[in-house]
Every structure is written in structure tokens, then in C-alpha cells.
Amino acid sequence: MGPVSTCKLFGAVRAVSGIKNAVPLIHGPRGCAYHIGYLLTARGGKRIAVASTELSESDVVFGASDKLSEMIIEVDRTRKPDIIAVMSSCATSIIGEDIGRVADETSELVDAELITVSAGGFESSQGEGYEEVMMALIRKFCRRMEPSGRPSVNIIGEFRGGADLREVRESLSAMGVDVNCVLTSGCSIQDIKMIPAGHLNCSFCDVSGIAPCRFLEENFGTPFIHHPLPIGFLNSLRFYREVLGKLNLDYPIDDVFSDFIEERDRMRSELEGMRVAVVSGPTRAVALTEFITELRMRPFLVAMDMIGDYTLENLRGVPGLRSEVLVGVDASDIEDAVIRTEPELILGGLAETRISEVSGAPLIDVMHGSSLTAGFRGAVKLGSRIYGAVHGDHGCY
């Protein structure tokens with residue numbers, strides 16, 4: 001009755017919306033484009049423009065390949081994008097519209113590069129949409145090249161951007177590590193083409209980032225690491241240590257970490273023993289759960305919309321974890337679990353606003369906001385938000 005994840009088309013549009021000067025074009029009814037664009041705009045705080053062929057009933061009955069071709073040309077003429085990502089919808093996937101053929105036949109009539117994604121919402125979840133877009137981009141633009149002169153990494157499966165991505169970039173830069181490409185947040189075609197020049201790939205999404213990393217390893221020889229998002233003091237330290245180790249770099253990361261130990265210990269003294277529920281995507285959920293235990297708080301519930309290749313392995317590695325774990329259950333089941341476990345705090349997203357109101361536990365939005373959570377400075381910031389939430393008025397922080 002209450003799904004906790006969304007469809008493949010949403011994931012595909014979200015992945016494309018992070019690329020510089022790219023337009024997602026949905027071959028389907030207007031509602032698909034309107035509602036996904038509206039939701040992504042609300043979540044990200046900036047307008048996400050999604051083009052649509054706006055199919056009518058007769059189009060669905062008789063087919064609309066010509067309409068798709070005309071819309072590709074129109075988007076290219078009016079918006080002048082570098083990339084147009086042509087996506088099917090539930091309607092066009094059911095009737096079998098061949099968007100690949102249409103894109104091939106139209107490609108010589110436009111300046112933009114075209115990729116196609118089979119994205120019928122019923123086909124799978126948003127994770128598959130993220131993954132298919134990244135794979136399409138890699139296959140189209142990546143070719144063998146010499147490694148870059150400076151140590152460099154690619155971040156694969158990062159769609160959020162904002163303060164967290166800036167923190168990771170700046171921290172790596174201070175260590176002498178360049179970021180070639182973040183796929184797909186803020187990347188350009190040229191950034192994507194530079195992916196094979198990277199010395200290391202870092203998956204930031206356990207659901208959608210692993211397959212592209214494996215493909216890049218098999219076809220370009222680039223090793224990869226899978227690590228929970230660098231949220232929390234110890235988790236961030238291990239992430240940076242792993243990157244430095246893989247790149248054979250000597251950098252005093254432990255000295256940097258030591259500057260934050262006093263602040264972490266102060267947080268522990270103020271927050272120890274507090275009951276917490278985590279409701280999040282898998283990669284972020286693992287990192288948040290570890291941060292909670294690092295602060296000696298007690299995670300009583302971890303609810304995830306889905307799991308990736310290494311999610312449960314990484315979750316089992318959280319020291320001293322004793323928590324109920326829910327995966328892909330109904331929203332009402334999560335609400336019941338929160339009420340049953342009686343947390344004093346919920347780390348989640350805006351979707352957990354009702355659960356917060358029903359349970360009386362304050363909610364910190366760690367999913368959609370622009371607040372810093374990553375790295376050592378993010379750990380201080382998030383810890384401060386937690387303290388403010390549990391010692392202040394209930395609400396969404």
C-alpha cells in the first residue's frame with residue numbers, strides 16, 4: 001500500500017539531471033515528465049526541466065515514432081544541449097516503441113549526442129535507472145587512454161552533489177588527489193571521457209555504482225573500492241586511508257583526524273545511550289548507522305528501501321550493532337517499527353515527516369537537504385544537528 005522506493009524512470013531522469021547541459025526526454029504521457037520534474041525540483045532546490053513527447057491516447061494505440069523524432073529535433077534546436085537522453089515510459093515500453101531505432105535515425109539531424117534508456121517504470125526500481133544511464137554514458141564516451149599524470153579518482157554513483165560532494169573533493173585535493181569525473185553529479189561530456197584516465201574508481205552507491213565500476217575494471221583495468229559514504233569520523237578516516245593506500249600516497253591523514261577527536265568525545269558524552277532510527281537508502285544507511293554507534297548512541301531500527309551488493313556485509317561490519325533491520329517493506333511497516341522501538345531521534349528524509357509526527361521523535365533530514373554530512377567537518381556538523389534536535393523543539397532539522 002505504501003511503497004518506499006520509486007521506479008526505473010525516476011532513477012534515469014535523476015541521473016541525467018545531474019549532467020551539465022543534458023536534457024532527459026521522456027517518450028510518454030505528460031504526467032511522467034511533470035511529476036518527476038516537480039519532485040526532483042522540490043528535493044534539490046533548483047528547477048529540473050524534463051522534456052516529453054506528451055503522448056495522447058491515439059499515440060499509444062497507433063504508435064508515435066514520428067512524434068519522438070520531431071521532439072528530439074525540437075529539443076536540440078531550442079535548448080541546444082550537449083546530450084539528449086531519450087527514455088521510454090511505461091506506455092511506450094508496453095507498446096514496444098523502438099526508441100533506439102528512432103534515435104539512430106535522428107542522430108545525424110541534431111548536434112546533441114543521443115543516448116537511449118529503456119525506462120518503463122514497471123521494469124525495475126530507481127537503482128536500475130541510475131545504473132543504466134551510467135552504463136550508457138560509459139559505453140558511448142569512454143575509450144582507452146593513458147592514466148593522468150597526477151593521482152586521480154572517479155566517483156561513481158553520486159547524484160546528490162552539494163556540500164557533501166564539495167567536502168570530499170576539497171579533502172581529496174588537499175591530499176594531492178584529483179577528481180576526474182563525478183558520475184553523474186555536475187559532470188560534462190569531457191569529464192565522462194576522462195574516466196579511463198583515472199587511477200581508481202570509488203563507488204558511492206551500493207545499488208547502482210558497482211556494475212559500472214566492475215565494467216571499468218574489466219575493460220580499462222581501473223581498480224575500484226566500495227565503501228559506505230564517508231559520513232562520520234572513523235568512516236571518513238577509513239575512506240581516505242583506503243584511497244591513499246590504493247594510490248600509494250603518503251599523507252598525514254591520521255594527524256588530520258586527531259584534530260577532531262576532542263570534539264567527537266564531547267559529542268559522545270552528550271549523546272551516549274540515545275535511541276535512534278535510521279530510514280535511508282542503503283549506502284547512506286550503513287554510514288549513518290556506524291556514525292550513530294561511533295557516538296555511542298543506540299540504533300534500534302535501520303530501514304532501507306533496497307540493498308546493494310555489499311550492503312549487508314558492510315552493515316554487519318558496524319561495531320556492536322544490535323538493531324532491527326528492514327529492507328523494502330511497506331511504509332506502514334516502517335511506521336509500526338518506529339512506534340514499537342520508540343526512538344528518541346529519526347535520521348531520514350522528508351518522507352518520514354509523518355512518522356516523526358506520529359511517534360513524537362524529532363526528524364533530521366539527511367537525504368535531501370544541502371547541509372554538510374560528509375568528511376570530518378560533516379561529522380561535526382551532523383553531530384551538532386543531532387544535539388540540537390534532541391535538546392530543542394521537535395521538528396525537521
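The model is predicted, with local features requiring pLDDT of at least 70 and side-chain atom pairs pLDDT 80 or more, while totals for chains, interfaces and linings use all residues. Residues are numbered from 1 along each chain as its sequence is written, and side-chain values use heavy atoms, without hydrogens and water.

**View 1. The largest pocket and its lining.** This pocket (an open set of points on a 1 Å grid over the protein atoms alone, where a 1.4 Å probe fits, with protein on both sides within 12 Å along at least five of seven lines) has a volume of about 1100 Å³, taken as the space filled by probe spheres set on the points, which are joined across faces, edges and corners. Its lining (residues with an atom within 4 Å of a point) has 41 residues, and Arg43, Gln126, Gly281, Asp305 and Met367 lie nearest the centre. Helix 16 (residues 331–341) gives the largest share, four residues; helices are DSSP runs of H or I, at least four residues, and strands are runs of E, at least two, numbered from the N terminus.

**View 2. The second largest pocket.** The volume is about 540 Å³. Of its 23 lining residues, Gly44, Lys46, Phe159, Arg160 and Gly161 are closest to the centre. Helix 1 (8–17), helix 2 (30–44) and helix 8 (162–174) each give two or more residues to the lining.

**View 3. Ser203 in strand 7 (residues 200–203).** Ser203 is buried, at 4% relative accessible area (buried is under 20%, with a 1.4 Å probe and protein chains only). Its side chain reaches the backbone oxygen of Cys205 at 3.1 Å. Beyond neighbours within four places in sequence, Ser203 is in contact (heavy atoms within 4.5 Å) with residues including Ile156, Cys213 and His227.

How values were computed
Buried < 20%, exposed > 50% of the residue type's maximum accessible area, 1.4 Å probe, protein only. Polar contact = N/O pair within 3.5 Å; in protein donor to acceptor, adjacent residues only side chain to side chain.
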